[in-house]
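Subject: Structure for you to look at

Hello,

Here is the structure I said I would pass on. Please open it first, then read the notes below it.

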Amino acid sequence: MVHVKVFGLLRLDTGIKEMEAEASHVRDLYPLLLAEAKRVKPGTKVTAKDIDGCIVVVNDKQTGKNAALRDGDTVMLMSPVCGG
């Protein structure tokens, strides 16, 4: 089981702050997160593409969607921030 924390616009758009999930890679979390978002916030406009574009941090180290996960890992997903 891994602990998932959601930040930024992704948190606002999904209504999810944290969740627990079984996954062997970060990318395996994406459909689970999308399903949970639709359960928590049925009108959400979040798509798989939105989640795929997130910054991924596993155990305080930035990584990517192909990173392997182990039981007890903490995964943070953050929406990218743009400004000007």
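β3 (55-58) and β5 (74-78) pair in the antiparallel sense, over 4 bridges. In this pair, valine 56 stands opposite leucine 77 of β5. Strands here are DSSP runs of E of at least two residues, helices are runs of H or I of at least four, and both are numbered from the N terminus. Two strands count as paired if DSSP finds at least two bridges between them.

Before the rest, two notes on the source. This is a predicted model, in which local features need pLDDT of at least 70 and side-chain atom pairs count only at pLDDT 80 or more, while totals for chains, interfaces and linings use all residues. Residues are numbered from 1 along each chain as its sequence is written, and side-chain values use heavy atoms, with hydrogens and water left out.

The sheet

The chain has 3 helices and 5 strands, in the order β-α-β-α-α-β-β-β along the sequence. An open sheet of 5 strands runs β2-β1-β5-β3-β4, with mixed pairing. β2 and β4 (61-63) are at the edges with a single partner strand each, so one side of each has no neighbour in the sheet. From one strand to the next, the twist averages 30 degrees.

β1 has a partner in β2 and another in β5. With β2 it runs antiparallel, joined by 4 bridges, and valine 4 stands opposite methionine 19 of β2. With β5, β1 runs parallel, joined by 5 bridges; here the bridge partner of histidine 3 is threonine 74 in β5. As background, strands of a sheet pair through backbone hydrogen bonds, either parallel or antiparallel.

The helix on the sheet and the core

The largest nonpolar core has 23 residues, and Leu10, Leu29, Leu33, Leu69 and Leu77 have the most contacts inside it. Such a core is a set of buried Ala, Val, Leu, Ile, Met, Phe, Trp, Tyr and Cys residues joined through side-chain atoms within 4.5 Å. Buried means under 20% relative accessible area, exposed over 50%, and partly exposed in between (1.4 Å probe, protein chains only). At least two core residues come from each of β1 (2-7), β2 (18-21), α2 (29-40), β3 and β5; α2 gives the most, with 5 residues. Leaving aside neighbours within four places in sequence, leucine 10 is in contact with Leu33, Val46, Ile51, Cys54, Leu77 and Ser79.

A loop residue

Lysine 41 lies in the loop between α2 and α3 (48-52). Lysine 41 is partly exposed, at 34% relative accessible area. Beyond its neighbours within four places in sequence, lysine 41 is in contact with Leu12, Asp13, Thr14 and Gly15.

The whole chain

Of the 84 residues, 36% count as buried. Among contacts between residues at least 6 apart in sequence, 53% join residues at least 24 apart. The C-alpha atoms fill a box of roughly 35 × 30 × 20 Å, taken along the principal axes.

Regards

Note on methods. Contact means heavy atoms within 4.5 Å. Axes are lines fitted to C-alpha atoms, for helices over the stretch in contact, and angles run from 0 to 180 degrees between N-to-C directions.
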